[in-house]
Amino acid sequence: MNSLRSAFLRPSFASTLRLCTSTSRPCRIQAFSSWRTATHIPRERIAWSRAPKYSWRTMATETPPPRASSPPQPPHRASRQQMYAARNRSLLMYTAAVIVLGVGVTYAAVPLYRMFCAATGFAGTPKVGMGKFEAERLVPVENARRIKVHFNADTADALPWTFTPSQRFVSVLPGETSLAFYKAKNKSSKDIIGIATYNVTPDRIAPYFGKVECFCFDEQKLLAGEEVDMPLLFFIDKDVLEDPACRNLDDVVLSYTFFRARRNAQGHLEPDAPDDVVQASQGFADYEMAPRAEDRKPTSEDSPKPS
Amino acid sequence: MSFGRPPSISGSFQATPPDRGSFPLDHYGECKDHMKVYLDCLRKNASNSTPCRHLNRDYLDCRMNRGLMDRDEWKNLGMSNVDSKASATKDDPHDASVKASPSS
């Protein structure tokens, strides 16, 4: 405790504190003159603190006067000054290092946070290139059997667009990414927002069919009379070669259906068509669906009220 | 998803979203030439995708240059082993007939 205090306090005052404790006499911190008379301190020790160039008000951080001009100091007094100077210098260095480190961490925090979010998907960052879309999986399997992907395009009746595939089919290797194009033309005189759904048959290929980037489920606005080419980057996962159910599967049909878009109660864009038509476009024509919350009719029986 | 589909159907078709979302529309047809070259190559090669992969790379490169696609490494798009030579050399009809796969 004493040494800590002595690092910060003025040397002469600290030395007097140490003297207070060493004499084991009651020592009160008073003004210099009354203190001198009250306590029993030998005279020659007081003489140090009254040295003309080094009064007790001198701060510890000030450099001591040059050795030649000051009176000859006892050796342990000089080394104590040096020790304080060294300690203060090291304290200054540590403080400067902490400040520089703090500023550096502040600058590094932005890219580090971005990397953390990309790795963990924190705060809603979309995880791209993970799972079945990892770079290692997108490598074609040489000399494997080829799978023909046929393309089909439909439009809803309420949508005055022509929507056709630009190629009939593409023969791909498992694991190989390839492009396909669709052409859409807005025949009406108004700007229309369309939204597309897709479907893959047969069902057993569905877990292996991956789309890297496409144009489905997102609003696509076509100006009146505009014609545009829509690309699609897809691949068939190479695990299809190991699936016994897909052993003799050579043809796949990829079918897109374009609907007019409308906003639902939550403000999301959805196809502007009856629900069963939308589900049929996604391959669920044979499935019986529970009606959505807004379409449910109220039941005739009331639930029993709690008594 | 916002189309109200039941989540409990497994093994059959599940419309998973695309990994990178949606391509922005090419309203001005800036990459239409690359698309035409690719479709011609497909026609010549009996719709075999392997000989035309370098044209895939050209088309995606065109999109990235025009701001119609986020720039990304080729290996993340599955095109790390494709060298994008100038399409003129590969579109040689004589070349294509040699490359046509015997299975299709």
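**Aromatic pairs, the A–B interface and local backbone features**

A search of the whole structure finds 15 aromatic pairs over all chains. The model is a predicted one. One of the pairs is formed by A:F181 and B:Y59, whose rings are arranged edge-to-face, with 4.9 Å from centre to centre and 90° between the planes. Because A:F181 belongs to strand 4 (residues 178-186) of chain A and B:Y59 to helix 2 (residues 53-65) of chain B, this pair joins two chains. Both residues, A:F181 and B:Y59, are buried.

A stacked aromatic pair is formed by A:F215 and A:F258, with 6.2 Å between the ring centres and 10° between the planes. This pair links distant parts of chain A: A:F215 is in the loop between strand 6 (209-213) and strand 7 (220-222), A:F258 is in strand 9 (residues 251-263), and the two are 43 residues apart. A:F215 and A:F258 are both buried. They also belong to one aromatic cluster, made up of A:F151, A:W161, A:F163, A:Y182, A:Y198, A:F209, A:F215, A:F234, A:Y256 and A:F258.

Charged side chains are also placed over aromatic rings in chain A. A:Y198, a member of the aromatic cluster, has A:K211 over its face, at 3.6 Å from the ring centre. The ring of A:F169 has the charged end of A:K148 over it, 4.8 Å from the ring centre.

The contact between the two chains was examined next. The size of an interface is often given as the accessible area lost when the parts come together. For chain B and chain A, the buried area is about 4500 Å², and carbon and sulfur atoms give 58% of it. In this interface, 46 residues of chain B are in contact with 57 residues of chain A. Between the chains, 19 residue pairs are in polar contact, with both residues at pLDDT 80 or more. On the side of chain B that touches chain A, helix 1 and helix 2 of chain B are the elements that give two or more residues. The count of salt bridges between chain B and chain A is two. One of them brings together the side chains of B:K32 and A:D229, with an N to O distance of 3.5 Å.

In chain B, B:M79 is placed in the loop between helix 2 and helix 3 (87-90). B:M79 counts as buried because its relative accessibility is 0%. With neighbours within four places in sequence left aside, B:M79 is in contact with residues of both chains: A:T177 and A:L233, together with B:R53, B:N56, B:R57, B:L60 and B:W74. The C-alpha atom of B:M79 is 7.0 Å from that of B:R57, although these residues are 22 residues apart along the chain.

The loop between helix 1 and helix 2 of chain B includes B:N45. The relative accessible area of B:N45 is 4%, so the residue counts as buried. A polar atom of the B:N45 side chain lies 2.9 Å from the backbone oxygen of B:C41. B:S47 is placed in the loop between helix 1 (32-44) and helix 2 of chain B. The phi angle of B:S47 is near 60°, which is a positive value in a residue other than glycine. With a relative accessible area of 13%, B:S47 is buried.

A positive phi in a residue that is not a glycine also occurs in chain A, where A:N143 has a value of about 60°. A:N143 lies in the loop between helix 5 (75-120) and strand 1 (147-155) of chain A. Its relative accessibility is 80%, so A:N143 counts as exposed.

A:R137 is likewise placed in the loop between helix 5 and strand 1 of chain A. Apart from residues up to four places away in sequence, A:R137 touches A:G131, A:K132, A:G175, A:D237, A:K238 and A:D239. The side chains of A:R137 and A:D239 make a polar contact at 3.0 Å. A:R137 and A:G175 are 38 residues apart along the chain, and their C-alpha atoms are separated by 6.4 Å.

Finally, a cis peptide bond, with omega near 0°, runs from A:T201 to A:P202. A:P202 is in the loop between strand 5 (192-201) and strand 6 of chain A.

Definitions and conventions
Residues numbered from 1 in each chain as written. Chains lettered and ligands numbered in written order. Predicted model: local features only at pLDDT ≥ 70, side-chain atom pairs only at ≥ 80, totals over all residues. Heavy atoms only, no water. Phe/Tyr/Trp six-rings, centres within 6.5 Å; stacked < 30°, edge-to-face > 60°. Helix = DSSP H or I, 4+ residues; strand = E, 2+ residues; numbered from the N terminus. Buried < 20%, exposed > 50% of the residue type's maximum accessible area, 1.4 Å probe, protein only. Lys NZ or Arg CZ within 6 Å of the ring centre and 35° of its normal. Contact = heavy atoms within 4.5 Å. Buried area = accessible area lost by both parts, 1.4 Å probe. Salt bridge = Lys/Arg side-chain N within 4 Å of Asp/Glu carboxyl O. Polar contact = N/O pair within 3.5 Å; in protein donor to acceptor, adjacent residues only side chain to side chain.
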